[in-house]
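The following paragraphs lead the reader through the structure part by part. Please keep the sequence and the model at hand while reading.

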Amino acid sequence: MKASNALWKEHLAGRLPEDLAREVDIFDTEIALRRQGKLDERLFAETRLRRGTYGQRYDNGQRHDGAKVQEMNYPSGTLTKGPSTLWDAPGMQRIKIPAGGLNAEQLETLAELAEEYSDGIAHVTTRQDFQLHYVHIDDTPTLMRRLAAVKITTREACGNSVRNVTACPYAGTCADEVFDVTPYARALSKFLLGHPDCQNFGRKFKPAFSGCVQHACGLTSLHDIGFIARTRMENGVEKRGFDVSVGGGLGAVPYMAKRFDSFVPVEEILPLTQAVARVFGRLGEKKNRSRARIKFLIQDLGIDKFRELVLEERKTLPPDPRWTDFLQDAEQFVERPLRPAGEMSPSGSQAYRRWLKANTRPQKQAGYVVVTIALPLGDITANQLRSLAGIVRQFTRETIRTTVEQNFVIRWISQKDLAELYQALAAVHLAEPGAGTIVDVVACPGTDTCKLGISSSRGLAAELRKQLAEKNFQSDQAVENLHIKISGCFNSCGQHHVADLGFYGVSRKIGGYAVPHFQVVLGGEWENNGGSYGLPVAAIPSKNIPKVVTRLTGRYVEGRNPGESFKNFIKRIGKMDLKNLLEDLARPPAGDRSFFSDWGDPREYSLEDMGVGECAGEVVSSVEFDLGAAEREVFEAQLAFENGHVEQAGKTAYRAMLHGAKALVKINNPTVSEDADQIVAEFRKEYFDTQKFFDPFAGGKFAQYLFDAHRTSGAPYTSDSSRYLIDEAQLFIDAAHSCYNRLGRSVAV
Amino acid sequence: MDFQHVNVKLLVSDPQSVNLEPLIPVFHRWIQAQVFEELLLDIADYRHVHDGPGIVLIGHQADYSLDNTHGRLGVRYNRKAPIDGRNWDRLKQAACSALQACQRLEAEAALQGKIRFNGQDVECFINDRMLAPNQEGIRQDLDSDFKAFFDTLFHGNDYVLSYDADPRRLLRVSAKALKHFSVADLAKNLDC
């Protein structure tokens with residue numbers, strides 16, 4: 001698309017690292033082959049995904065414009081860059097930033113690329129990556145060459161590969177860390193990039209590093225492999241190593257990582273990960289994507305068997321000097337300040353003091369602080385990025401990192417420079433206070449640009465930021481420090497499971513109209529590397545979510561015990577109380593049509609039910625009643641689980657799924673019996689075999705949850721299996737609602 | 001030298017009084033009706049970002065936005081697809097497209113006449129650093145192209161031309177006419 005693409009290739013020839021240059025040249029050739037029809041579209045899709053080049057919403061050439069579904073006549077016609085993904089459709093480019101670490105030149109390059117190939121905005125993700133949106137496929141090789149020129153690669157930013165290696169952004173500066181994990185994260189990232197043992201996965205693989213157990217910054221519990229720094233004494237010498245966990249993951253049903261080994265010496269982390277990759281590549285599911293993450297393999301094998309297989313594999317690995325080459329440098333790795341340490345001046349404007357309170361954090365090195373730049377919704381303009389590059393050069397030795405909270409941190413700021421730094425940041429609107437507080441809402445792209453999005457996570461996040469900033473919770477530290485995280489769908493890119501207040505997008509049909517909703521997820525824990533996951537409480541219309549936040553925070557302020565955390569408060573008052581608290585918000589007010597569109601998007605949410613409609617006097621079909629009943633049963637399962645009745649919880653969750661399936665089966669067979677075998681068989685025939693129940697992107701995944709639950713229904717439930725089943729039941733019911741929406745008619749049976 | 005990917009931006013009058021939210025349904029209607037020659041695809045809302053792109057109507061060949069870059073609010077046309085011809089043709093195409101969007105916005109009933117253009121401040125960006133890096137020599141080379149364009153746009157009336165000198169930024173030239181022009185006048189001057 002850009003007229004200068006060929007010129008850039010010529011200009012940068014010989015200036016790129018050889019391996020990165022070769023990689024981009026290959027991709028360039030693949031693009032040409034696909035354009036000529038000489039490369040299969042599925043193969044091309046995987047190859048572009050492995051370079052971080054994603055599809056984006058409306059890439060199938062259709063868009064609901066608020067009145068009807070319109071064909072989008074892209075100039076290249078039917079040429080595709082993957083199944084159902086048209087050539088000219090705008091795409092998203094993900095850019096890997098290992099451990100979130102950047103320098104000023106890289107920031108400037110990202111600014112240029114955002115401006116020239118995207119819409120002027122760079123977006124920081126919840127895994128320390130960058131994303132640029134609305135990028136044309138033909139421009140991606142040039143974009144990649146310009147990144148390679150500053151030593152950034154997009155390789156394996158997506159696809160069934162090792163994704164960005166994330167790490168605590170405070171590593172090296174945090175007083176609570178055991179040691180600086182940065183060089184180990186970088187070494188692992190470099191080692192695994194393009195590694196032959198990592199090219200045969202059924203799904204993605206995400207590593208993370210943390211310097212301590214207790215903080216959230218590394219979120220190791222929710223990663224495929226997590227490393228927490230540890231030391232131990234061996235023959236009177238302190239030895240570095242890692243507490244390694246495997247099999248964590250969010251996604252539709254979140255899994256808490258299981259400990260692999262409480263101490264893996266640093267020289268073993270690369271070969272151990274290689275062995276894990278080999279086992280995952282060999283035994284992991286390949287055909288059924290919904291069971292292909294390593295967490296399912298570990299669940300199926302059991303952690304002990306998995307460990308045994310990995311350790312056996314480890315013994316077979318041919319020695320590789322890269323396993324240890326980095327160690328000496330790693331031990332000596334240290335960042336240095338640009339300016340001498342100093343004392344902070346406590347005086348200044350109220351805005352400055354607010355910023356100091358939330359956006360600065362003392363380093364373990366006396367006289368220095370880490371400063372957080374809170375980015376609204378993770379977005380930053382090209383001009384701000386350039387200004388930030390200048391600021392980073394002025395105050396530091398270019399020590400800046402992205403965070404999983406979609407922000408930046410600048411490290412090694414002398415305390416005496418804080419006032420000057422604040423002025424510099426404020427001049428480019430980067431001194432917004434409230435970093436890491438309730439106003440610093442995290443959100444995935446959702447329906448704005450993601451083709452999986454169900455509800456507008458960014459629209460809701462923007463609205464909540466606005467309303468919460470006006471409320472100003474500064475006087476109540478406990479409320480101010482709550483975390484809100486929003487995902488546009490069940491896939492959890494917004495990490496809603498580990499928030500105090502989490503939300504994920506679902507849809508519900510009310511009176512024949514699709515209404516955007518969010519499932520409210522409470523009780524997650526952000527600290528302790530994402531120490532526990534929340535459970536869904538209720539599906540609430542999108543437009544009522546701000547009221548949900550107001551009620552829950554208000555109730556917390558009124559009803560908490562001294563020193564009681566939000567998580568403990570939620571646990572104490574219990575789900576029934578919470579359900580009652582939110583019950584009246586679960587239905588849109590009669591006659592209010594604003595509920596039929598989402599935040600920031602005035603289009604009617606429904607595809608099929610456009611036109612004049614009334615909320616009042618609506619006919620509620622028995623399907624809606626039955627699905628509502630099934631949803632109540634999921635809730636009862638949660639209550640049972642909360643009260644320690646694991647067996648009862650599992651059985652109730654299973655029963656909820658059966659009732660959800662039966663609700664759909666009854667549409668064509670009103671006399672279906674209560675027999676589970678018959679319900680499942682009819683559901684399979686009517687909705688699975690015909691693919692009517694299939695999610696457009698997740699396929700038959702949610703139906704499979706029912707079949708698995710039915711197959712294992714006679715076996716006793718464990719705490720883990722019961723917990724997973726509750727989440728699966730909720731997702732099955734959500735999918736049943738979606739299926740009913742897709743049927744596109746009000747069914748009265 | 002030839003450039004491509006011209007951006008033209010016309011500043012609004014009284015930017016403090018402009019509320020961008022009502023633009024969203026307007027842009028959605030423009031997509032429904034495909035009101036421009038470019039294929040219109042989507043809307044990106046960046047109101048939460050200071051001095052940013054504002055609200056962008058994403059198109060395949062070009063984007064239209066109510067853009068607040070550099071704290072200057074205006075309608076910006078960002079040409080993404082190359083255009084044949086001379087630099088003059090590219091400047092004219094981008095300016096006519098931006099003017100067309102301005103005329104539509106001024107006439108939009110839903111906006112109640114609250115978005116007006118000052119008709120004096122016009123900016124041009126070249127959104128391609130390879131074809132037109134923001135360097136003194138390049139600015140001198142292109143100066144005659146820009147002057148010819150603004151002479152025509154302002155119908156021979158006086159204006160002040162200034163360049164952004166920061167080499168890290170896009171090549172940007174701002175023209176301020178010494179008298180006011182209506183959007184229709186500007187379109188007529190360019191023979192849009």
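Which residue stands opposite A:H123 in β9(A)? It is A:Q131 that stands opposite A:H123 in β9(A).

The model is predicted: local features need pLDDT of at least 70, side-chain atom pairs count only at pLDDT 80 or more, and totals for chains, interfaces and linings use all residues. Residues are numbered from 1 along each chain as its sequence is written, while chains are lettered from A and ligands numbered from 1 in the order in which they are written.

Strands here are DSSP runs of E with at least two residues, helices are DSSP runs of H or I with at least four residues, and both are numbered from the N terminus. Two strands pair if DSSP finds at least two bridges between them. β8 and β9 take part in an open sheet of 5 strands in chain A, with the order β1-β6-β9-β8-β17 and antiparallel pairing. Its edge strands are β1 (53–54) and β17 of chain A, each of which pairs on one side only. Helix α4(A) lies across β8 and β9 of chain A and runs at about 20 degrees to β9(A). For such angles, axes are lines fitted to C-alpha atoms, for helices over the stretch in contact, and the angles run from 0 to 180 degrees between N-to-C directions.

Another open sheet of chain A has 5 strands in the order β10-β11-β12-β13-β14, with mixed pairing. Here the edge strands, each pairing on one side only, are β10 (166–167) and β14 (258–265) of chain A. Strand β13 (residues 237–246) of chain A is joined to β14(A) by 5 bridges, and these two strands run antiparallel. Within this pairing, A:S245 has A:R259 in β14(A) as its bridge partner.

Helix α14 (residues 418–427) of chain A has the buried residues A:L418, A:L421, A:Y422 and A:L425. These residues cover an arc of only 100 degrees around the axis, which puts them on the same side of α14(A). The arc is that of the directions from the helix axis to the C-beta atoms. A residue is buried if 20 or more other C-beta atoms lie within 10 Å of its own, exposed if 12 or fewer, and partly exposed in between, with C-beta atoms placed from the backbone. On the other side of α14(A), A:Q423 and A:A427 are exposed. The buried residues of α14(A) pack against α12 (350–359), β15 (360–362), β16 (368–373), α13 and β19 (408–414) of chain A. After α14(A) comes A:H429, whose phi is positive, near 60 degrees.

Helix α13 of chain A contains A:Q384. With 25 other C-beta atoms within 10 Å, A:Q384 is buried. A:Q384 and A:L425 are 41 residues apart in sequence, and their C-alpha atoms are 9.2 Å apart in space. Leaving aside its neighbours within four places in sequence, A:Q384 is in contact with A:V428 and A:L430. Two residues are in contact if their C-beta atoms, placed from the backbone, lie within 7 Å.

The view now turns to where the chains meet. In total, 37 residues of chain A are in contact with 34 residues of chain B. On the side of chain A that touches chain B, two or more residues come from each of α1 (5–12), α4 (104–117), β17 (379–381), α13 (382–395) and α15 (457–471) of chain A. α4(A) gives the most to this side, with 4 residues.

In chain B, strand β5 (residues 74–79) has 6 of its 6 residues buried, so it is largely enclosed by the rest of the structure. Strand β1 (residues 6–12) of chain B is joined to β5(B) by 5 bridges, and the two run antiparallel. One bridge partner in β5(B) is B:G74, which belongs with B:L11. Strand β4 (residues 62–67) of chain B is also antiparallel to β5(B), with 6 bridges joining them. There, B:N78 in β5(B) is the bridge partner of B:D63. β4(B) and β5(B) form a hairpin with 6 residues between them, and B:H70 in the turn has a positive phi of about 60 degrees.
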